[in-house]
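Open the model in a viewer, with the sequence panel alongside. The stops below are given in the order in which to select them.

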Amino acid sequence: MGAYYHRLEGGFGVITTTTWDKLHGAYHIVCDVIVPAGNTLTINEGVEVLFDNDVKIIVEGSIQAIGTAAENITFKNGIAAEWCGLRISGGISSAIHHALITDGHPDGDNWPDFHGGAIYMTGANTDIDLDHVVFRDNNTSATLDSCLLVGNLAGNNGGAIHIQD
């Protein structure tokens with residue numbers, strides 16, 4: 001299995017509109033990766049995304065991670081015990097279908113670096129379509145079964161759901 005990663009000077013990788021597929025093997029994320037506004041990261045079925053310690057994908061554009069029942073997408077720690085999860089903002093739609101998101105444990109000194117577990121979302125009109133996604137062993141947990149969360153607004157800390165210690 002091959003390894004693929006983005007790294008630029010200063011420790012950040014910037015991804016313009018691109019597609020990751022399983023033909024390239026596992027995608028090993030060794031530094032924070034940013035998908036800027038106006039760009040889309042598409043992750044096809046069967047892709048495994050492995051993260052080093054305390055790194056994350058920051059989505060200011062869109063992430064479209066569409067797996068299948070036969071070939072899920074996996075987001076998990078690589079050689080590290082944990083990673084910092086997905087950070088989604090920018091006010092547009094993203095989707096994650098047929099996926100496993102595991103071992104997300106954000107930590108840091110500042111907001112939002114210590115919030116979110118597997119996924120942290122922020123920004124007006126930012127939404128995500130989650131379908132057949134398993135969240136396991138992340139820092140924050142919730143169980144949603146056959147739920148539809150639509151048209152929820154909040155002035156502070158969540159619309160339909162807010163989880164806090």
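A residue is called buried under 20% relative accessible area, exposed over 50% and partly exposed in between, with a 1.4 Å probe and protein chains only. This is a predicted model, in which local features need pLDDT of at least 70, side-chain atom pairs count only at pLDDT 80 or more, and totals for chains, interfaces and linings use all residues. Residues are numbered from 1 along each chain as its sequence is written, and side-chain values use heavy atoms, with hydrogens and water left out.

**Colour by confidence**

Start with pLDDT, the predictor's confidence in each residue, from 0 to 100. The protein averages 80, and 72% of the residues score at least 70. Select residues 1–10, where pLDDT stays under 50. The model has 25 contacts beyond four places in sequence for this segment, a contact being heavy atoms within 4.5 Å. Where pLDDT is low, the predicted coordinates should not be read in detail.

**Strand 12**

Next select residues 93–102, which form strand 12. Strands here are DSSP runs of E with at least two residues, numbered from the N terminus. Nine of the ten residues of strand 12 are buried. Which strands pair with strand 12 in the parallel sense? Two strands pair if DSSP finds at least two bridges between them. Strand 9 (residues 62–66) is joined to strand 12 by three bridges, strand 10 also by three, and strand 14 by nine; each of these pairings is parallel.

Ala65 is bridged to Ile96 in strand 12, and Thr74 has Leu100 in strand 12 as its partner. On the strand 14 side, Ser94 stands opposite Ile128.

**Strand 10 and its other neighbour**

Select residues 73–77 for strand 10. Four of the five residues are buried, so strand 10 is largely enclosed by the rest of the structure. Strand 10 also runs parallel to strand 7, with four bridges between them. Within that pairing, Val49 has Phe75 of strand 10 as its bridge partner.

**The nonpolar core**

Now show side chains for Trp20, Ile43, Phe75, Ile96 and Ile101. These touch the most other members of the largest nonpolar core, which has 28 residues. Such a core is a set of buried Ala, Val, Leu, Ile, Met, Phe, Trp, Tyr and Cys residues joined through side-chain atoms within 4.5 Å. The largest share of this core, three residues, comes from strand 12. In soluble globular proteins, nonpolar side chains tend to be buried together.

Centre on Ile96. Beyond four places in sequence, Ile96 has contacts that include Ala65, Phe75, Leu86, Ile101, Ile119 and Ile128. Also among them are Asp129, Leu130, Asp131 and Val133.

**Strand 14**

Select residues 127–136, which make up strand 14. Asp127 is found in this strand and is partly exposed, with a relative accessible area of 35%. Asp127 and Ala95 are 32 residues apart in sequence and 8.5 Å apart in space, C-alpha to C-alpha. Leaving aside neighbours within four places in sequence, Asp127 is in contact with Ile92, Ser93, Ser94 and Met121. Draw the distance to Ser93: the two side chains make a polar contact at 2.7 Å. Polar contacts are pairs of N or O atoms within 3.5 Å; within protein, one must be able to donate a hydrogen and the other to accept it, and residues adjacent in sequence count only if both atoms are side-chain atoms.

Move along strand 14 to His132. Is His132 buried or exposed? It is exposed, because its relative accessible area is 55%. Phi of His132 is near 55°, a positive value in a residue other than glycine.

**Two loop aspartates**

Asp103 is in the loop between strand 12 and strand 13 (119–121). Its phi, near 65°, is also positive in a residue other than glycine. Asp103 counts as buried because its relative accessibility is 18%.

Asp52 lies in the loop between strand 7 (48–51) and strand 8 (57–59). Asp52 counts as buried at 16% relative accessibility. Its contacts beyond four places in sequence are His28, Ile29, Val30, Ile79, Ala80, Glu82 and Trp83.

**Cysteines**

Finish with Cys31 and Cys84. Cys31 is buried at 6% relative accessibility, and Cys84 is buried at 3%. With a disulfide taken as a pair of cysteine sulfur atoms within 2.5 Å, the count comes to zero disulfides.
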